[in-house]
Every structure is written in structure tokens, then in C-alpha cells.
Amino acid sequence: SMAVLDSGMRWRNRDLREQVRLNAAELVACPPPGAMASQPETFDVNHDGFFNIRDYDLANLADWNNNGIRDGQDLIQGTLEGVACSNGVDEDGNAFVDDIAGWDFFWDDNDPSDDADFGHGNFEATLSNAQGNNGVDGIGVCPTCTFIPLRVGDTFIVDVNKYAAAVVYAVDNGISVVQQALGGL
């Protein structure tokens with residue numbers, strides 16, 4: 001897996017929705033159908049080697065953000081079978097409460113959405129991770145890689161302290177590749 005540090009995620013991007021790595025330890029209250037809540041290692045219910053939104057294909061998960069696709073933000077903001085997935089509990093004990101699908105270091109919350117709709121972070125993630133052979137745009141350098149979106153600013157000029165915190169978060173979460181194209185202050 002890799003981390004993309006930039007302006008955040010456009011959840012409506014069909015090329016990236018399945019590439020976002022989900023944090024199973026934070027989703028024990030909302031496991032995918034067929035998984036055992038007490039065993040996050042069983043959350044890859046489709047056995048493709050990744051825990052991502054595709055593991056929720058059979059779930060009763062509402063399109064919370066009304067973008068026409070099931071994505072990580074639907075888990076962050078929504079409910080599964082009436083249970084809030086963002087439950088205010090830091091199940092993995094890493095001091096980032098409900099870091100289900102990345103983290104927003106700019107606003108310090110659990111939704112790394114590109115609130116300003118700047119698009120630079122989405123562009124960078126597409127270059128590296130866009131799926132292939134899905135009828136949408138082009139293909140990324142590593143179309144079978146997953147990534148964690150980490151929002152560090154609302155443009156490509158960022159506070160280096162937020163950037164540094166995101167790098168530490170990425171490393172602490174087992175990330176070996178950190179992608180960014182930013183300027184810092």
C-alpha cells in the first residue's frame with residue numbers, strides 16, 4: 001500500500017473508489033457481510049487480497065454522499081444495518097478516532113475529502129492508482145495498489161507540520177511508499 005498526501009479525495013472518482021485501503025480495526029462495529037466482527041483479518045470477504053469497499057458489495061450501505069457509487073465516505077459518514085461506522089471510538093488505539101479510510105490532517109478529522117474540490121490530490125492518486133480495464137479514463141502506474149488518502153491541505157501548498165504528521169501516520173500504518181507533489185510553508 002501507499003499513501004497519497006495532498007488536497008484530499010474526491011469520493012466520486014470511479015477509478016479510485018476500490019483502491020482506497022480501509023482500516024479493518026476501525027470497522028469492527030461495521031464488518032462486511034460474511035466477516036466476523038471480532039476477527040478483522042476476515043474482512044476481505046471477496047478474497048481478492050485487499051480490504052476495500054468491494055468487500056461491502058452485499059451490504060446494506062446507503063450512498064450517504066449521493067454520488068451514485070459506494071465508497072469509503074459512505075462508511076465514514078453513514079451507517080451499516082443501522083450502526084454508525086464512525087462511532088467515536090479509537091478501536092485500533094492509534095490516537096486517530098475512526099480513521100476508516102485515511103485522515104484529514106488539514107481539518108484534523110476522519111474524512112480526507114477534498115472539501116475545496118481543488119482536485120490535485122485526486123489527480124495525484126489517479127496517476128499512481130487508477131484502475132485499468134474499467135471503461136473509465138486511463139490507468140495508473142500501479143492499478144492493483146491500494147492507498148490511504150491523507151489530506152494535508154486544501155491546495156498543493158501545505159503546512160509542513162501537517163505534512164510531517166501525515167508521513168508519521170503513514171509509516172505507523174505500514175505504508176512503504178508516500179506519494180506527494182506539494183510545496184510547503
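This report covers the nonpolar cores and the disulfides of a predicted model.

## Nonpolar cores

The largest nonpolar core has 25 residues. Those that touch the most other members are Leu22, Leu27, Tyr56, Leu75, Ile100 and Phe147. At least two residues of this core come from strand S1 (2-6), and at least two from helix H1 (72-77).

Leucine 75 can be followed in more detail. Leaving aside neighbours within four places in sequence, leucine 75 is in contact with Leu22, Leu27, Ile53, Tyr56, Leu61, Cys85, Ser86 and Ile100. In soluble globular proteins, nonpolar side chains tend to be buried together.

## Disulfide between cysteine 30 and cysteine 85

The structure holds 2 disulfides. In one of them, the sulfur atoms of cysteine 30 and cysteine 85 are 2.4 Å apart. The torsion about this S-S bond is about -110°, so the disulfide is left-handed.

Cysteine 30 sits in the loop between S1 and H1, while cysteine 85 sits in the loop between strand S3 (83-84) and strand S4 (103-104). The pair therefore ties together parts that are 55 residues apart in sequence. Cysteine 30 is buried, at 1% relative accessibility, and cysteine 85 is buried with a relative accessible area of 1%.

## Disulfide between cysteine 142 and cysteine 145

Cysteine 142 is joined to cysteine 145 with an S to S distance of 1.7 Å. Here the torsion about the S-S bond is about 65°, so the disulfide is right-handed. Cysteine 142 is partly exposed, with a relative accessible area of 23%; cysteine 145 is partly exposed at 22%.

With the bonded cysteines of the chain numbered in sequence order, the pairing reads 1-2, 3-4.

How values were computed
Residues numbered from 1 in each chain as written. Predicted model: local features only at pLDDT ≥ 70, side-chain atom pairs only at ≥ 80, totals over all residues. Heavy atoms only, no water. Core = buried A, V, L, I, M, F, W, Y, C linked by side-chain atoms within 4.5 Å. Buried < 20%, exposed > 50% of the residue type's maximum accessible area, 1.4 Å probe, protein only. Helix = DSSP H or I, 4+ residues; strand = E, 2+ residues; numbered from the N terminus. Contact = heavy atoms within 4.5 Å. Disulfide = S-S within 2.5 Å.
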